[in-house]
Amino acid sequence: MPSRARFLPYVLLLPSLILAAGVIFWPVGDLLEIATHNVNRFGQLRDYNDFANFKALIADPNFTAALIRTVVWTVAVVGGTILISVPVAMILNEDFYGRDVARVIVMLPWAVSLTMTAIVWRWALNGESGMLNSALRGLGIIDANVQWLATAGLAFPMQIGIGILVTIPFTTTIFLGGLSSIPQDLYEASALEGAGRWQQFRHITLPLLKPFLNIAMVLNTIYVFNSFPIIWVMTQGGPANSTDILVTHLYKLGFRIGKLGEASAVSVVMLAILLVFTILYVRLAMREEAR
């Protein structure tokens, strides 16, 4: 009887595990099959091509540039989001008049479709009639219109800034949950010992917030790495592919050029990168917590 009770949880979980494995591994298997075969524009598999699709990607300078740009995009957006969200969450965690309204204002952009947000920003950054140019001209900062999205050196940094803005609400929510779990007695005791705000942040807030930092890092990296709407809606990877990241490059290969095999190969590369990152980061985080 005790042995049955020991295996009962695994038996109950088995149907869900089988379903989850089917949902995950079946599409991945099809993706690998397409990536290693010749495929026509209608998605029909031909013969095995000895990894020709992956070799074509390595030889393609647009793929290499998109890969580097994806790393820059992910690191900048995730890093900038965390640097801003931590102090925002700490402010919203304080007890002040109108805190509930402030929290709603910060979280409200999260309820707006990312595609709609990108459309609004595309209008605001329009080089001829955009709101940003009008505001800067009114303040006397610029004399002539700036082509924010039509200039290679400006379009990508602007998209990174927008990516940070739209990721802050979700990240702030995670950190608010972490801050609310920290006992206030620790801060009161440290204040009696003469600890200042910076010392409290360094020795109390940051260590106890680290599990939530790890969650935000992993989830935001996966989310931002695969983020499609901002880049595509605002510039479609232009001008001259200067804002392409892997996911937009994949879309162009698969649905504009019709190279479904190479597009699938890009998907496999993206999956491998995210899988390696997640495993390494989780292992490092667990090793630090075990010390």
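# Contacts, packed helices and ring pairs

Q: Which residues does Ile 182 touch, leaving aside those up to four places away in sequence?
A: In this predicted model, Ile 182 touches Tyr 187, Ile 204, Thr 205 and Leu 208. A contact here means heavy atoms within 4.5 Å. Ile 182 itself sits in the loop between helix H7 (152–180) and helix H8 (184–192).

Q: What makes Ile 182 count as buried or exposed?
A: Its relative accessibility is 4%. Buried means under 20%, so Ile 182 counts as buried.

Q: How is the packing of helix H3 and helix H9 described?
A: Two packed helices are described by the angle between their axes and the distance between the axes. For H3 (residues 61–93) and H9 (residues 197–225), the angle is about 140 degrees and the axes are 10 Å apart. The crossing of H3 and H9 is right-handed.

Q: Which residues of H3 and H9 meet?
A: On the H3 side they include Trp 73, Val 77 and Met 90, and on the H9 side they include Phe 201, Met 217 and Phe 225. The residues of this contact divide into eleven nonpolar, five polar and no charged.

Q: Why is the pair of Phe 228 and Trp 232 called stacked?
A: Let's take it in two steps. Rings pair if their centres lie within 6.5 Å, and these centres are 5.5 Å apart. Planes under 30 degrees apart count as stacked, and here the angle between the planes is 20 degrees.

Q: Why is the pair of Phe 228 and Tyr 251 called tilted?
A: The ring centres are 5.4 Å apart, with the planes at 50 degrees.

Q: How do you know whether Phe 228, Trp 232 and Tyr 251 are buried or partly exposed?
A: Buried means under 20%, exposed over 50%, and partly exposed in between. Trp 232 has 12%, so it is buried. Phe 228 has 22%, which makes it partly exposed. Tyr 251, at 30%, also counts as partly exposed.

Q: Which residues do ring pairs link into a cluster?
A: Ring pairs link Phe 228, Trp 232, Tyr 251 and Phe 255.

Conventions: Residues numbered from 1 in each chain as written. Predicted model: local features only at pLDDT ≥ 70, side-chain atom pairs only at ≥ 80, totals over all residues. Heavy atoms only, no water. Helix = DSSP H or I, 4+ residues; strand = E, 2+ residues; numbered from the N terminus. Buried < 20%, exposed > 50% of the residue type's maximum accessible area, 1.4 Å probe, protein only. Axes fitted to C-alpha atoms, helices over the stretch in contact; angles between N-to-C directions. Left-handed = near helix turned anticlockwise from the far one by under 90°. Nonpolar A, V, L, I, M, F, W, Y, C, P; charged D, E, K, R; others polar. Phe/Tyr/Trp six-rings, centres within 6.5 Å; stacked < 30°, edge-to-face > 60°.
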